[in-house]
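Trainee: I have just opened this one. Could you walk me through it?

Mentor: Gladly. Let us look together.

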Amino acid sequence: MELKNLNAVTFEEIVYDNCENCLVVFSRKTCHVCAEVVPMVEETAEKYKDKLGFYHVDVEEQKDLYNRFSLRGVPQLLFFKDGEYQYKLAGKVEEEQLEEKIEELL
C-alpha cells in the first residue's frame, strides 16, 4: 500500500483536525536507509490499513514540517493518537519494532 503524501496543510487536517490515529514517515528520496524502511512500512500498512492511517512526508519538500518536530536525520516514524504525538522510531527500523509500536498505539 503506497503511503499518502502530506504537506503542512494536509498534515494539520489529518493529525490535528481529524485526530486520526496514524503513522507519519519522514524521509527523503536520496536516503538509502529510507529506501529500505519505507517499503517495509508500506507492506505493514496493508495489515493495519483499517485501524491506522499511514502517511509520508518528503523532508526536502516539507522542510518546515520536518523542523517543526526538531527531527535529526531520516527516516523518522512519528506516531499520533487522538491528535497527540505519542512516540517515534528513528533510523533502520525492523518490522518487529514497527508492529510492536503500532500495537501499542492501538
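**Helices and sheet**

Mentor: Helix H2 (residues 32–48) lies across strand E2 (22–27), E3 and strand E4 (76–81), at about 165° to E2. Helices (H or I, at least four residues) and strands (E, at least two) are DSSP runs, numbered from the N terminus. The model is predicted, so local features need pLDDT of at least 70, side-chain atom pairs count only at pLDDT 80 or more, and totals for chains, interfaces and linings use all residues. Residues are numbered from 1 along each chain as its sequence is written, and side-chain values use heavy atoms, leaving out hydrogens and water.

Trainee: What makes E1 and E5 edge strands?

Mentor: The open sheet has the order E1-E3-E2-E4-E5, with mixed pairing. Strand E1 (4–5) and strand E5 (84–90) each pair on one side only.

Trainee: How do you know that E1 and E3 pair?

Mentor: Two strands pair if DSSP finds at least two bridges between them. E1 and strand E3 (residues 53–58) have two bridges, in the parallel sense, so they pair. Asn5 stands opposite His56 in E3.

Trainee: Why are H2 and H4 called oblique to each other?

Mentor: Angles under 35 degrees count as roughly parallel, over 145 as roughly antiparallel, 65 to 115 as roughly perpendicular and the rest as oblique. The axes of H2 and helix H4 (residues 95–105) cross at roughly 40° and come within 11 Å, so the two helices are oblique.

Trainee: Which residues of H2 meet H4?

Mentor: Met40, Val41, Thr44, Lys47 and Tyr48 do, against Glu95, Leu98, Glu99, Ile102 and Glu103 in H4; contact means heavy atoms within 4.5 Å.

Terms used. Axes fitted to C-alpha atoms, helices over the stretch in contact; angles between N-to-C directions.
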